[in-house]
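Have the model open while you read.

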Amino acid sequence: MGCFTFIKVMMILFNLAIFLGGGTLLGVGIWVKVDGESFLNIFGALSSSVLQVVNVAYLLIVIGAILLVIGFLGCYGAQKESKCLLMMFFSVVLIIFIVEVAAAVVALVFTGLAETLLTGLVTPLLKDKYGADPTFTHIWNVTMTEVHCCGLNNYTDFDDSYFYKKYDSYPRQCCGDTVGICNSTLAAEKAVNGCFPQILEEIRTNAGVVGGVAAGIAALEIAAMAVAMYLYCRLDEK
C-alpha cells in the first residue's frame with residue numbers, strides 16, 4: 001500500500017467517524033429539544049453546569065450538523081478523489097479553526113464583553129420563561145441547585161419576571177438553604193452568586209484540561225487540513 005493510498009484510507013475512516021459522531025450529536029440534540037426533561041432525568045447528575053446554562057439542544061444540533069457536513073465532505077471527497085469536495089472540506093475546517101481562535105481570544109481578552117452579551121441574551125429568557133416553561137424551569141432549577149447559584153448574575157435577574165410577578169418571590173436557590181419565601185431582603189442578605197461567575201471559576205480551575213482539549217482539537221483540525229491539501233495536490237499528479 002502506497003503512501004497516498006494509506007493516507008486516503010485514513011482520511012476516509014477518520015471522517016467516517018466524524019460523520020457518525022455528528023449524526024449521534026444531532027440525534028441527541030433533537031431528543032433534548034423534543035423531550036429535554038427526560039434527558040436531564042437520565043444524565044442530569046453527569047451533565048456539565050456549562051451545558052445546562054446554555055441551550056443544550058440547539059448547541060448539539062448545530063455541532064452535530066457541522067460535523068455531519070465535515071465528515072461527508074472529507075469521507076466522500078477522499079473516496080471519490082474529488083478535488084472540489086476536498087477543497088470544500090479544507091475551507092470549512094479552516095473557517096471553523098479561525099472562528100475557534102477568534103472565540104478563544106475574545107473569551108480570554110474580553111471576558112467582560114462575553115458576560116455582557118450573555119447577560120443580554122439569557123436574562124430576558126429568564127424573565128419570560130422561568131416559571132412559565134416547565135422544561136426551561138427544570139433545567140435552571142437543576143443548574144442553580146447543583147452549582148449553588150442564582151440566575152445568571154444574581155437574584156436581580158428575576159426582577160419583574162414572570163416567576164416574581166406570579167409568586168411575589170425569587171427562586172428558593174437565591175436564598176441558599178433558607179426555608180420559606182425568598183424575598184428581596186433575604187436574597188440580598190444571602191447574596192448567592194450568579195451562575196455565570198461560578199461557571200467562569202470552574203473553567204479557570206480546570207484551565208489546564210480545557211486548554212489541553214482545545215489544543216488537541218486545534219491539532220486535529222490542522223492535521224485534517226494538511227491531509228486534505230496533500231490529497232488535493234497529489235491528485236494533480238495523476
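Buried means under 20% relative accessible area. Keep that cut-off in mind for what follows, and remember that this is a predicted model.

## The disulfides

There are three disulfides here. Counting bonded cysteines along the chain, they pair up as 1-6, 2-3, 4-5.

Start with Cys 149 and Cys 195, joined with an S to S distance of 2.0 Å. This one links distant parts of the chain, 46 residues apart: Cys 149 is in the loop between helix 7 and helix 8, while Cys 195 is in helix 10. Cys 195 has a relative accessible area of 1%, so it is buried, and Cys 149 is buried too, at 0%.

Cys 150 sits in the loop between helix 7 and helix 8 and Cys 174 in the loop between helix 8 and helix 9, so the bond ties together parts 24 residues apart in sequence. Then there's Cys 175 with Cys 182, also a disulfide; the link is right-handed, with 80 degrees about the S-S bond.

## Two other cysteines

How exposed is Cys 84? Its relative accessible area is 52%, so Cys 84 counts as exposed. Cys 233 comes out partly exposed, at 39%.

## A buried asparagine

Asn 15 lies in helix 1 and is buried, at 0% relative accessibility. Its side chain reaches the backbone oxygen of Met 11 at 2.8 Å. Leaving aside residues up to four places away in sequence, Asn 15 touches Ile 70, Gly 71, Gly 74, Cys 75 and Phe 89.

Conventions
Residues numbered from 1 in each chain as written. Predicted model: local features only at pLDDT ≥ 70, side-chain atom pairs only at ≥ 80, totals over all residues. Heavy atoms only, no water. Helix = DSSP H or I, 4+ residues; strand = E, 2+ residues; numbered from the N terminus. Buried < 20%, exposed > 50% of the residue type's maximum accessible area, 1.4 Å probe, protein only. Polar contact = N/O pair within 3.5 Å; in protein donor to acceptor, adjacent residues only side chain to side chain. Contact = heavy atoms within 4.5 Å. Disulfide = S-S within 2.5 Å.
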